[in-house]
Amino acid sequence: MIALRPRRVAAIVLRQAFLLRGSPARVLPLFAWVAIDIVLWGFITKYLNAVASPGFNFVPLLLGAVLLWDFFARVMQGVTMAFFEDVWSRNLLNVFATPITTGEYVSGLVLSGVLTSTIGLAVMIVLAAAAFGLSFVGYGVAIVPALLILFLFGIALGILGCAIVLRLGPAAEWLIWPIPAVLSPFVGVFYPISTLPHWMQAVSWLLAPSYVFEAMRALTAGRAVSWPALGCGALLALSTIVLAGWVFARVYRRVVRTGLVARYSAETVS
């Protein structure tokens, strides 16, 4: 196994940092969309609290779910956006012509995603707490593995998204953006998995975020968290990362062997 060289990984992160520093248009989306989501769902929860039975609080149930799901989406998009920057600037061939390995390149994308998603998470937490009184303290220590599982799963899907675009070309970018929306009905962001049809439930239990949202709903309902279930979610998230890395490596070898990477253009879809 070839060891990762930290300086090469840092070079990928530094490139993303220079892009952000030189373009306010890239910085604004890091927190603007999540802020809009928190404000919109925050007022929805306030309205539901006003019309619901006294004593029931929709803030941790709905607004908390929105915050967690937005965090997952930001992690995934942080990885894919770092990759898309190289796609849009026609820089992929330059990157892969260097001695950098696929592991180092993907690690740089992941670290870039970590940094950008951390900004989004901080904005969401501050805004949700200041404007709508949402506090993670009520979730207890269970929030730590919950965020970790969503973080790992977001990284995995981000890497898979990069592999799809690398194989199919820039025109396949539209396949990546809807992924969080497509997955949300299966993972039960706003409702228990038990409300889904049996075939959807079978899919749900193969997705790590399902265990997170079931655990968070149990907490808001005053029930105990199933730690074995969260452990299963963590194992699934780690397995998804391993699978994503394997897929990316195979796709990379294919596009290099067939010469697809050299003909990379906006019209490449096969």
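A residue counts as buried when its relative accessible area is under 20%. The exercises below apply this and a few other cut-offs to a predicted model.

**Exercise 1. Determine how far helix 7 is covered, and how its span relates to the expected one.**

Solution. Begin with the extent of the element: helix 7 covers residues 143-168, which gives it 26 residues. Next, apply the cut-off for burial, by which 19 of these 26 residues are buried, and helix 7 is therefore mostly covered. Then turn to the span, which is 37 Å from the first C-alpha to the last and is close to the 38 Å expected at 1.5 Å a residue. Finally, look just past the end of helix 7, where G169 takes a positive phi of about 105 degrees.

**Exercise 2. Classify the ring pair of F43 and F132, and state which parts of the chain this pair ties together.**

Solution. The count of aromatic pairs in this model comes to 11. For F43 and F132, the ring centres are 5.3 Å apart and the planes stand at 90 degrees, so the pair is edge-to-face; the cut-offs needed for this step are centres within 6.5 Å and planes over 60 degrees apart. Now place the two residues: F43 belongs to helix 3 (residues 29-51) and F132 to helix 6 (residues 102-132), so the pair ties together parts that are 89 residues apart in sequence. Elsewhere, one aromatic cluster is formed by F83, F84, W88, Y105 and W177.

**Exercise 3. Decide whether Q201 is buried or exposed, and list its contacts beyond its sequence neighbours.**

Solution. Locate Q201 in helix 9, which consists of residues 198-204. Its relative accessibility is 17%, so Q201 counts as buried. When residues up to four places away in sequence are not counted, Q201 touches I193, S194 and L196.

**Exercise 4. Describe the largest cavity by its volume, its lining and the classes of its lining residues.**

Solution. Start with the search of the whole structure, which finds one cavity of 30 Å³ or more. The largest cavity holds about 50 Å³ of space. Its lining includes P60, L61, Y139, V189, F213 and R217. The elements giving two or more residues to this lining are helix 4 (58-88) and helix 10 (208-220), and helix 4 supplies the largest share, with five residues. Sorting the lining by class then gives eight nonpolar, two polar and one charged residues.

Definitions and conventions
Residues numbered from 1 in each chain as written. Predicted model: local features only at pLDDT ≥ 70, side-chain atom pairs only at ≥ 80, totals over all residues. Heavy atoms only, no water. Phe/Tyr/Trp six-rings, centres within 6.5 Å; stacked < 30°, edge-to-face > 60°. Helix = DSSP H or I, 4+ residues; strand = E, 2+ residues; numbered from the N terminus. Expected span 1.5 Å × (residues − 1). Buried < 20%, exposed > 50% of the residue type's maximum accessible area, 1.4 Å probe, protein only. Contact = heavy atoms within 4.5 Å. 1 Å grid on protein atoms, 1.4 Å probe; cavity = no way out; pocket = protein on both sides within 12 Å on 5 of 7 lines; lining within 4 Å. Points joined across faces, edges and corners; volume = space filled by probe spheres on them. Nonpolar A, V, L, I, M, F, W, Y, C, P; charged D, E, K, R; others polar.
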